[in-house]
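Please examine the sequence and the three-dimensional structure shown below.

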Amino acid sequence: MFQWKKLLVTGALCVASVMTLVGCGGQQAAAPSSSGSSSGAPATLKVGSAIDFAPFEFQDEGQKEYQGFDMDLIRAIGKEMGAEVEIQNIGFDGLIPALQAKTVDVLISGMTINDERKQNVTFSDPYYQSGLTMVVRKDEQAIQKFQDLKGHKVAVQIGTTSANEVKKIEGVEVKEFNTPADCFMELKTGGADAVVNDRPVSEYFITKSGQTDVKELPDMLTAEDYGIAVAKDNKELADKINAALKTLKENGEYDKIYAKWFGGAKK
């Protein structure tokens with residue numbers, strides 16, 4: 001998926017909880033979808049997700065239900081559609097095969113919409129835009145866009161796409177650290193002027209750690225959209241999901257879910 005997906009799983013975030021791949025859905029073979037056909041909205045929406053990607057989908061030790069932004073969103077979509085939601089934990093590589101085999105009706109798992117996947121599934125409208133963003137101290141005025149980083153010290157997590165991309169910017173002193181927490185500490189103590197990381201990593205860290213003396217800037221160095229996937233021939237279900245997603249955005253429920261996991265309203 002992405003480099004930072006693995007970084008989240010290893011507990012790079014200071015607030016990340018212990019994950020487990022067993023529990024509710026487990027990785028057992030699932031029963032055939034209750035939809036009974038390849039189209040339409042089933043009474044029970046069988047959802048496949050790889051439960052190892054905080055803050056989108058994860059399971060805290062001792063907790064029965066899967067948690068995260070994706071989990072709250074798909075439950076809200078199911079409710080809007082009048083369908084019960086059953087979430088199954090499936091390895092990321094097995095998600096699309098499970099959908100094609102009609103083991104599940106829907107996939108939501110921080111899945112980037114791209115041309116290769118479009119050959120095998122039908123995606124909903126985008127529901128989240130990821131990408132590389134900057135975090136600076138709240139009183140910082142000189143840095144507004146990535147081009148302003150020239151001549152500044154930038155903290156990044158070692159081995160990530162953010163580290164690779166920042167190194168391409170001329171005149172930047174790149175300082176690499178093991179975790180996002182280390183990067184933010186360097187920013188807080190004045191050793192760095194900015195932190196560059198994946199948007200959900202930064203937003204989740206700021207929200208859960210209660211940081212109030214920093215701000216995330218809107219400028220994005222890269223961008224990629226996440227989508228909800230259904231079977232290639234199930235446009236009817238995709239349309240129903242899009243309609244539910246549209247309603248949730250219009251009635252404010254989407255913003256409530258977003259604020260819970262990332263703080264503030266959707267940017």
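Which residues in α7 meet which residues in α9? On the side of α7 they are Arg 199, Pro 200, Glu 203, Tyr 204, Thr 207 and Lys 208, and on the side of α9 they are Tyr 258, Lys 260, Trp 261 and Phe 262. This contact comprises five nonpolar residues, one polar residue and four charged residues. The model in which it is seen is a predicted one.

The geometry of the two helices may be considered next. Helix α7 spans residues 199-209, and its axis lies 7 Å from that of α9, at an angle of about 75°. Because angles of 65 to 115 degrees count as roughly perpendicular, α7 is described as roughly perpendicular to α9.

These helices belong to a chain with nine helices and twelve strands. The chain has 267 residues, of which 49% count as buried. When contacts between residues at least 6 apart in sequence are considered, 71% of them join residues at least 24 apart.

A pair of aromatic rings is described by the distance of the centres and the angle of the planes. Across the whole structure, a search finds 19 aromatic pairs. In one of them, Phe 58 and Trp 261 have ring centres 5.8 Å apart and planes at 90°, so this pair is edge-to-face. Phe 58 belongs to the loop between β1 (44-49) and α2 (69-81), whereas Trp 261 belongs to helix α9 (residues 253-262); the pair therefore links distant parts of the chain, 203 residues apart. Both partners are buried: Phe 58 has a relative accessible area of 2%, and Trp 261 has one of 5%.

A second pair also involves helix α9. The ring centres of Tyr 128 and Phe 262 are 5.3 Å apart, and their planes meet at 40°, so this pair is tilted. Since Tyr 128 lies in strand β5 (residues 128-130) and Phe 262 in helix α9, the pair ties together parts 134 residues apart in sequence. Tyr 128 is buried, with a relative accessible area of 1%, and Phe 262 is buried as well, at 3%.

Tyr 128 and Phe 262 are members of a cluster joined by ring pairs, which also includes Phe 53, Phe 56, Phe 69, Tyr 127, Tyr 226, Tyr 254 and Tyr 258. Charged residues accompany some of these rings. Arg 199 lies over the face of Tyr 128, 5.3 Å from the ring centre. Over the ring of Tyr 254 sits the charged end of Lys 249, at 5.3 Å from its centre.

Two further residues complete the tour. Phe 146 occupies the loop between β6 (132-137) and β7 (153-157). Is Phe 146 buried or exposed? Its relative accessible area is 5%; because buried means under 20%, Phe 146 is buried. Beyond its neighbours within four places in sequence, Phe 146 is in contact with several residues, among them Leu 132, Ile 169, Val 196 and Leu 221. Although Phe 146 and Leu 221 are 75 residues apart along the chain, their C-alpha atoms are separated by 7.0 Å.

Glu 186, in helix α6 (residues 180-188), carries a charge-bearing type of side chain and is buried, with a relative accessible area of 17%. Apart from its neighbours within four places in sequence, Glu 186 is in contact with Ala 155, Lys 175, Phe 177, Gly 191 and Ala 192.

Conventions
Residues are numbered from 1 along each chain as its sequence is written. This is a predicted model: local features need pLDDT of at least 70, side-chain atom pairs count only at pLDDT 80 or more; totals for chains, interfaces and linings use all residues. Side-chain values use heavy atoms; hydrogens and water are left out. Rings of Phe, Tyr and Trp (its six-membered ring) pair if their centres lie within 6.5 Å; planes under 30 degrees apart count as stacked, over 60 as edge-to-face and the rest as tilted. Helices (H or I, at least four residues) and strands (E, at least two) are DSSP runs, numbered from the N terminus. Buried means under 20% relative accessible area, exposed over 50%, partly exposed in between (1.4 Å probe, protein chains only). A charge sits over a ring if NZ of Lys or CZ of Arg is within 6 Å of the ring centre and within 35 degrees of the ring normal. Axes are lines fitted to C-alpha atoms, for helices over the stretch in contact, and angles run from 0 to 180 degrees between N-to-C directions. Angles under 35 degrees count as roughly parallel, over 145 as roughly antiparallel, 65 to 115 as roughly perpendicular and the rest as oblique. Contact means heavy atoms within 4.5 Å.
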